[in-house]
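Colleague: I would like to learn how to read the features of a model like this one. Please take them one at a time.

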Number of protein chains: 4
Amino acid sequence: MTTQQPRSHERQHRILDSALRIFSRRGYHDTSVDDIAQGSRTSKGGVYFHFPNKESIFLALLDRTASRLLDRIGTAMAAQDNPIGRADAALLAVLRTFGTHRALARLFMLEALGAGPEFHRRMSEVRGEFAGIIQSELDDAAQQSIIRPLDTEIAGRAWFGALNEVITNWVFTGQPERLEDAFQALRPLLMQSVGLDHRRPHSPMPQP
Amino acid sequence: MTTQQPRSHERQHRILDSALRIFSRRGYHDTSVDDIAQGSRTSKGGVYFHFPNKESIFLALLDRTASRLLDRIGTAMAAQDNPIGRADAALLAVLRTFGTHRALARLFMLEALGAGPEFHRRMSEVRGEFAGIIQSELDDAAQQSIIRPLDTEIAGRAWFGALNEVITNWVFTGQPERLEDAFQALRPLLMQSVGLDHRRPHSPMPQP
Amino acid sequence: MTTQQPRSHERQHRILDSALRIFSRRGYHDTSVDDIAQGSRTSKGGVYFHFPNKESIFLALLDRTASRLLDRIGTAMAAQDNPIGRADAALLAVLRTFGTHRALARLFMLEALGAGPEFHRRMSEVRGEFAGIIQSELDDAAQQSIIRPLDTEIAGRAWFGALNEVITNWVFTGQPERLEDAFQALRPLLMQSVGLDHRRPHSPMPQP
Amino acid sequence: MTTQQPRSHERQHRILDSALRIFSRRGYHDTSVDDIAQGSRTSKGGVYFHFPNKESIFLALLDRTASRLLDRIGTAMAAQDNPIGRADAALLAVLRTFGTHRALARLFMLEALGAGPEFHRRMSEVRGEFAGIIQSELDDAAQQSIIRPLDTEIAGRAWFGALNEVITNWVFTGQPERLEDAFQALRPLLMQSVGLDHRRPHSPMPQP
DNA sequence: GATGAATGAGACTTCATTCAT
DNA sequence: CATGAATGAAGTCTCATTCAT
């Protein structure tokens with residue numbers, strides 16, 4: 001009894017790991033359930049025992065990744081004591097996570113959009129959630145008069161979009177070598193965009 | 001012979017129009033060649049007479065759209081006499097074009113990614129091209145001392161990314177009603193991000 | 001144009017013929033669409049071009065058979081000038097048709113019931129139709145005072161059921177050698193059941 | 001050990017009851033072993049401990065039902081002192097049994113045929129057995145000169161067929177409300193079919 | 001040139017059966 | 001004895017592509 005739970009979970013994890021690997025390499029449609037099964041040392045039926053269909057595997061993967069990412073972001077933000085520092089930390093957390101997990105980045109940035117209309121709603125939510133985190137911190141910053149009032153919704157989306165593009169480009173081209181390096185150039189732009197002088201630390205830089 | 005060229009072209013256009021309509025509505029994989037044929041009052045065989053395969057239809061669509069977009073951008077930029085004005089005009093041209101052709105936006109922002117890895121390379125190029133336009137203007141602006149020196153490659157990508165996200169969100173949610181309205185909020189952010197005071201016209205900074 | 005219609009129809013017929021052969025031999029569920037395709041010198045896709053799914057093939061077969069049978073019954077009945085003669089002729093027509101087409105009999109008597117709940121409704125209709133024909137003639141006979149009044153609905157079903165069982169048994173066992181022979185024994189029973197003296201021809205025996 | 005026998009039997013019964021319920025509702029092929037297992041508060045493995053395979057469950061059900069039915073028929077017949085009365089009692093017993101167990105009727109009349117060719121042999125036997133019972137009584141009746149000599153095999157089948165059709169129709173349509181009511185109309189037909197006046201009790205005919 | 005019937009590889013999914021725990 | 005995870009064969013159906021007419 002106690003041994004079967006871990007067993008079952010382990011198999012599920014193996015399937016998801018295999019799915020991540022293959023989905024991110026070949027895309028949603030060019031990946032067959034058979035491929036996933038073989039990649040997780042299971043049979044097709046085994047996969048279908050744990051997941052009702054192919055779509056649910058992809059969604060599970062998306063959810064798993066999103067929640068892990070949100071966890072990391074949360075942790076990174078918790079170590080900061082001001083809104084700008086927190087927004088800053090969030091960006092860096094995303095960059096670092098994807099920077100060390102390119103397959104994850106590929107899944108999120110490319111394949112999740114391409115997986116077809118049924119995934120669009122979900123991805124729209126996810127994107128909104130991330131943009132919302134930044135928006136929320138910018139709202140706080142404005143309220144505390146750290147920055148001037150502005151349309152924080154657009155700002156949140158713009159920040160997220162800028163980050164997104166940098167990551168996507170890295171996924172495509174592999175440039176820059178270390179994704180995190182892009183932060184050095186991107187950070188001042190974002191700070192200035194909301195009227196902050198990036199040379200004077202309004203917030204301590206997050207220590208790596 | 002001379003009469004058939006236009007005929008043939010007209011047929012091609014009908015096919016591409018039909019393809020755009022259906023691809024953007026249902027995505028690449030959920031669109032069958034039969035659907036496209038029926039939508040263009042032709043037969044499957046007719047489609048295959050004009051295009052060697054399904055993939056090439058999608059690529060032709062992408063190319064046609066990209067070049068039209070670049071044309072508009074070029075025209076809009078030509079009317080400006082300074083780099084920042086040109087970059088500005090480019091952004092607005094993109095927003096306006098997609099704002100009046102949501103299907104096109106959807107195709108570019110979402111479905112082009114979903115069409116599979118073989119399209120990723122092409123999309124990477126397209127994205128780079130757009131980001132490159134902005135980068136180029138920012139380079140000019142820096143050279144003319146309108147803005148302080150900065151990493152214009154990242155800046156170009158960041159601007160493009162911000163724009164991209166705003167458009168994508170509009171495709172997903174339909175917000176804001178008029179896509180162009182987003183520009184009012186986005187523009188100051190982008191300007192400030194490169195150190196420009198968005199309230200004053202963009203002329204060379206007074207040298208200290 | 002004129003040649004394609006026959007072509008298409010011919011292929012459809014080949015598919016139905018193949019389907020009849022295999023369905024009646026192996027039953028609905030043990031017959032795969034691939035089997036039918038091979039049996040009609042076509043490909044699986046070819047079958048699916050003409051029929052939307054497996055079920056529709058079976059239904060088409062049922063309909064084709066039912067209407068042919070009804071045609072023969074109609075013709076046989078038309079040659080008679082009194083209700084009992086017509087009922088008589090109907091029974092014989094059924095017996096003769098199935099007697100020379102055992103596969104058809106098998107399909108109707110066994111497989112159509114076994115093909116699953118979705119076919120039950122249809123078969124219920126078909127059975128009702130046949131029983132109804134007899135009922136209708138018995139009604140006429142009663143009205144013309146050829147027979148005494150009785151519950152013709154039950155009588156119709158009883159006649160049909162008796163016939164049905166004789167045929168089904170023949171399908172199972174091959175007894176009697178010539179199915180039509182069973183009519184010699186069955187006929188007096190049915191006639192007497194509605195109060196007719198079978199030895200005095202109330203109606204001319206249908207001539208073969 | 002001695003306690004497990006009843007246990008084991010109880011489990012078997014639960015499985016068969018569950019199987020009857022689901023088979024009769026959804027048909028043989030649309031019922032999965034998992035369904036049966038869940039319906040009998042067991043696991044799939046539990047079912048396979050008691051039955052070697054799905055087919056055997058169905059056969060066991062058929063056998064159980066057939067023998068119960070034959071028991072009832074036997075009991076009903078034993079209370080009669082003449083062949084016609086016995087045949088009469090047999091018919092009524094069948095009608096009553098199925099009339100109060102529609103699931104059983106459905107299983108026997110419809111699903112048993114749909115279970116595939118392998119069940120046809122068995123069903124052929126069962127049908128023959130029932131028809132044989134009637135035939136046997138008719139033989140006796142003829143021997144005792146209660147009825148005139150006739151082809152009792154066909155007569156047996158005809159009676160069985162008529163009964164069968166009435167039941168099947170009831171299974172399909174639910175008409176008549178009380179299956180037993182059909183007997184009032186059917187009985188005279190069957191009696192007259194073998195030359196009996198259904199209004200007078202069945203005693204040996206006066207010899208001329 | 002156009003048509004649409006035909007092909008056939010391959011996708012997803014189901015489920016009877018087995019077997020380690 | 002019971003459980004339920006795992007297997008894998010088989011089935012239905014789709015669709016890009018070809019080609020005879």
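Modeller: Start with the residue classes: Ala, Val, Leu, Ile, Met, Phe, Trp, Tyr, Cys and Pro count as nonpolar, Asp, Glu, Lys and Arg as charged, and the others, Gly among them, as polar. On that basis, the surface near DNA strand E divides into six nonpolar, 20 polar and eleven charged residues. Keep in mind that this is a predicted model.

Colleague: How many residues surround DNA strand E, and which are the closest?

Modeller: DNA strand E is surrounded by 37 residues, and the closest are A:Asn53, B:Gly45, C:Gly45, C:Gly46 and D:Asn53. Two or more residues each come from helix H2 (33-39) and H3 of chain A, helix H1 (4-26) and H3 of chain B, helix H1 (4-26) and H3 of chain C, and helix H2 (33-39) and H3 of chain D. H3(C) gives the most to this surface, with five residues.

Colleague: And which residues come nearest to DNA strand F?

Modeller: Of the 38 residues around DNA strand F, the nearest are A:Gly45, A:Gly46, B:Asn53, C:Asn53 and D:Gly45. At least two residues each are supplied by helix H1 (4-26) and helix H3 (44-50) of chain A, helix H2 (33-39) and helix H3 (44-50) of chain B, helix H2 (33-39) and helix H3 (44-50) of chain C, and helix H1 (4-26) and helix H3 (44-50) of chain D. Here H3(A) gives the most, with five residues. The classes near DNA strand F are six nonpolar, 20 polar and twelve charged.

Colleague: How should I read the relation between two copies of a chain?

Modeller: Two copies of a chain are related by a rotation about an axis and a shift along it.

Colleague: How many residues does the contact of chain B with chain A take?

Modeller: It takes 34 residues from chain B and 34 residues from chain A. On the side of chain B, two or more residues each come from helix H6 (102-114), helix H7 (117-143), helix H8 (152-173) and helix H9 (181-193). H8(B) gives the most to that side, with 13 residues. Its residues divide into 16 nonpolar, 13 polar and five charged.

Colleague: How far apart are the closest C-alpha atoms of chain A and chain C?

Modeller: They lie 21 Å apart, and no contact joins chain A and chain C. Chain B and chain C are also without a contact, with their closest C-alpha atoms 13 Å apart.

Colleague: Last, helix packing. At what angle do H7 and H8 of chain D cross?

Modeller: Their axes come within 8 Å and cross at roughly 125°. H7(D) and H8(D) are therefore oblique to each other. The crossing of H7(D) past H8(D) is right-handed. The residues of this contact are eight nonpolar, four polar and four charged.

Colleague: And at what angle do H4(C) and H7(C) cross?

Modeller: The axes of helix H4 (residues 54-78) of chain C and H7(C) come within 12 Å and cross at roughly 0°. That makes H4(C) roughly parallel to H7(C). C:Glu55, C:Leu59, C:Leu62, C:Ala66 and C:Ile73 of H4(C) make the contact with C:Glu118, C:Arg122, C:Val126 and C:Ile133 of H7(C). By class, this contact has six nonpolar, no polar and three charged residues.

Definitions and conventions:
Residues are numbered from 1 along each chain as its sequence is written. Chains are lettered from A and ligands numbered from 1 in the order in which they are written. This is a predicted model: local features need pLDDT of at least 70, side-chain atom pairs count only at pLDDT 80 or more; totals for chains, interfaces and linings use all residues. Axes are lines fitted to C-alpha atoms, for helices over the stretch in contact, and angles run from 0 to 180 degrees between N-to-C directions. Helices (H or I, at least four residues) and strands (E, at least two) are DSSP runs, numbered from the N terminus. Angles under 35 degrees count as roughly parallel, over 145 as roughly antiparallel, 65 to 115 as roughly perpendicular and the rest as oblique. A crossing is left-handed if the near helix is turned anticlockwise from the far one by less than a right angle, and right-handed if clockwise. Two residues are in contact if their C-beta atoms, placed from the backbone, lie within 7 Å. A residue is near a molecule or strand if its C-beta atom, placed from the backbone, lies within 6 Å of it.
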